[in-house]
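Thanks for coming. I will go through one structure today, strands to begin with, then cores and rings.

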Amino acid sequence: MSTTPTISWSEDRSARTDQSNRSDQPARSAHWHSESCAPPPRRVVVADDSTKAATAYQLACEGTALLWQGDFHNARQLLQAMGRRIDRKANPARPAATPAESFHLHRRARGHRARVLGKLLVLLEDDHSLTLRRAPDVRRACTEAYGPPRGGRAVSLTELLGVIGAHQWREKGVEVPALGDGVRVHPHYGVFSPVRGEYVDLVAQAPLPANPRTAFDLGTGTGVLAAVLARRGLSHVVATDISSRALACARENAGRLGLADRVEVGGPALYPEGRADLVVCNPPWLPARPTSTVEQGVYDPDGTMLHGFLHGLADHLRPGGEGWLVLSDLAEHLGLRTREALLTAITTAGLRVTDRLDTSPHHPRARDTTDPLHQARAAEVTSLWRLTAD
């Protein structure tokens with residue numbers, strides 16, 4: 001039987017940053033939660049407004065977590081100061097031997113940064129509230145992300161800030177011109193947001209197969225592609241995902257858009273039962289391991305979803321039907337996958353390419369020359385591959 005992980009600490013002020021951690025005060029404990037599945041820190045000390053950034057940085061680098069009990073905005077400033085120290089301590093940039101090495105070095109640096117900054121913790125009370133001075137009301141944001149309160153929990157401040165930001169995006173929504181002027185979809189926490197519109201535009205503009213009635217949208221996320229297909233005239237769209245958060249998000253968006261009678265949300269699964277005239281899949285573009293729930297929309301270990309889509313497509317297409325694979329070639333520019341490997345996978349699955357529609361990215365990162373992966377991002381092309389069964 002699995003048990004909920006916990007952290008423990010002493011409230012004794014003298015032990016707050018004392019490496020000995022000796023205290024006559026009884027230890028306190030709290031449940032530990034991490035969306036990135038980080039293990040609970042073995043050692044926790046209390047920090048507050050008197051804690052210096054240099055001390056916090058040193059302790060965090062050594063693996064000691066700091067449970068914040070001061071002003072909320074001061075905690076955010078401390079986090080920023082720790083981030084600046086990480087940047088200053090980073091190894092001098094050196095030319096990578098290959099684009100793949102550059103990618104892995106970049107991922108390693110980001111992982112180190114996340115581990116160090118993730119050592120600054122806050123304690124959520126039994127109702128998801130924060131008792132810190134000048135703390136915002138985070139109860140609704142936490143309920144959206146974590147579900148109904150089930151006792152207090154300790155989380156990293158970086159995770160909590162992500163939860164707050166996701167709530168704001170959920171409230172505001174993301175405008176999707178392909179759905180109409182001013183129409184928005186509302187992403188949930190942990191669900192990939194359609195902020196990059198080029199893949200949506202490809203699905204909105206690609207020629208439909210003859211007389212399509214039904215479609216599958218695999219890995220639907222927010223449900224944006226299912227909504228686009230329904231707006232294009234498909235009478236029945238089945239949207240699937242393996243994430244319960246994505247399924248709830250897609251179902252809510254279909255209702256918001258007045259498409260609940262045409263978009264059926266089902267799962268958790270990749271393929272639903274039956275066959276369709278059109279099967280659309282926009283798998284994560286990079287064959288690498290995600291380190292958090294949010295990254296699952298970007299990283300697909302060993303191309304598992306990509307190959308699952310390809311090898312299941314022929315058995316789920318109606319006669320004359322098409323599969324649309326929407327995929328960036330960023331992995332090719334980074335040396336993580338070759339075009340030959342992709343074409344071989346398509347052929348091996350008993351499929352044939354009938355057409356390909358391409359578009360270039362127009363997101364800001366493609367023009368950011370300070371990005372370590374700038375060269376690959378600037379050359380990136382997103383394609384919609386039209387596939388039929390042999």
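Predicted model: local features only at pLDDT ≥ 70, side-chain atom pairs only at ≥ 80, totals over all residues.

Residues are numbered from 1 along each chain as its sequence is written, and side-chain values use heavy atoms, with hydrogens and water left out.

Helices and strands here are DSSP runs numbered from the N terminus, with at least four residues of H or I for a helix and at least two of E for a strand. Two strands pair if DSSP finds at least two bridges between them. β10 and β11, the latter being residues 263-266, pair in the parallel sense over four bridges. On the β9 side, β10 is again parallel, and five bridges join the two strands. One of the residues involved is Asp-217, whose bridge partner in β10 is Ala-239.

From β9 the chain crosses through helix α7, residues 224-231, to β10, in a right-handed β-α-β crossover. Right-handed is meant as follows: with the strands pointing away from the viewer, the path from the first strand over the helix to the second runs clockwise. β10, helix α8 (residues 244-256) and β11 also form a right-handed β-α-β unit.

How enclosed is strand β10? Four of its five residues, 236-240, are buried, so the strand is largely enclosed by the rest of the structure. Buried means under 20% relative accessible area, exposed over 50%, and partly exposed in between, with a 1.4 Å probe and protein chains only.

Now the cores. A nonpolar core is a set of buried Ala, Val, Leu, Ile, Met, Phe, Trp, Tyr and Cys residues joined through side-chain atoms within 4.5 Å. The largest has 56 residues, and Phe-309 and Leu-310 have the most contacts inside it. Helix α7 gives the largest share of this core, seven residues. Leaving aside neighbours within four places in sequence, Phe-309 is in contact (heavy atoms within 4.5 Å) with residues including Leu-218, Val-279, Trp-324 and Leu-387.

Last, the rings. Rings of Phe, Tyr and Trp (its six-membered ring) pair if their centres lie within 6.5 Å; planes under 30 degrees apart count as stacked, over 60 as edge-to-face and the rest as tilted. Which aromatic pairs turn up? A search of the whole structure finds two. In one, the ring centres of Phe-103 and Tyr-299 are 6.4 Å apart with the planes at 45°, so this pair is tilted. Phe-103 lies in helix α3 (residues 99-117) and Tyr-299 in the loop between β12 (276-281) and α9 (304-313), so the pair ties together parts 196 residues apart in sequence. Phe-103 is buried at 2% relative accessibility, and Tyr-299 is buried at 9%.

The rings of Tyr-199 and Trp-285 have centres 6.4 Å apart and planes at 90°, so that pair is edge-to-face. Tyr-199 is in helix α6 (residues 198-205) and Trp-285 in the loop between β12 and α9, 86 residues apart. Both Tyr-199 and Trp-285 are buried.

A charge sits over a ring if NZ of Lys or CZ of Arg is within 6 Å of the ring centre and within 35 degrees of the ring normal. Arg-107 lies over the face of Tyr-299, 3.9 Å from the ring centre. Arg-356 has its charged end over the ring of Trp-385, at 5.2 Å from the centre.
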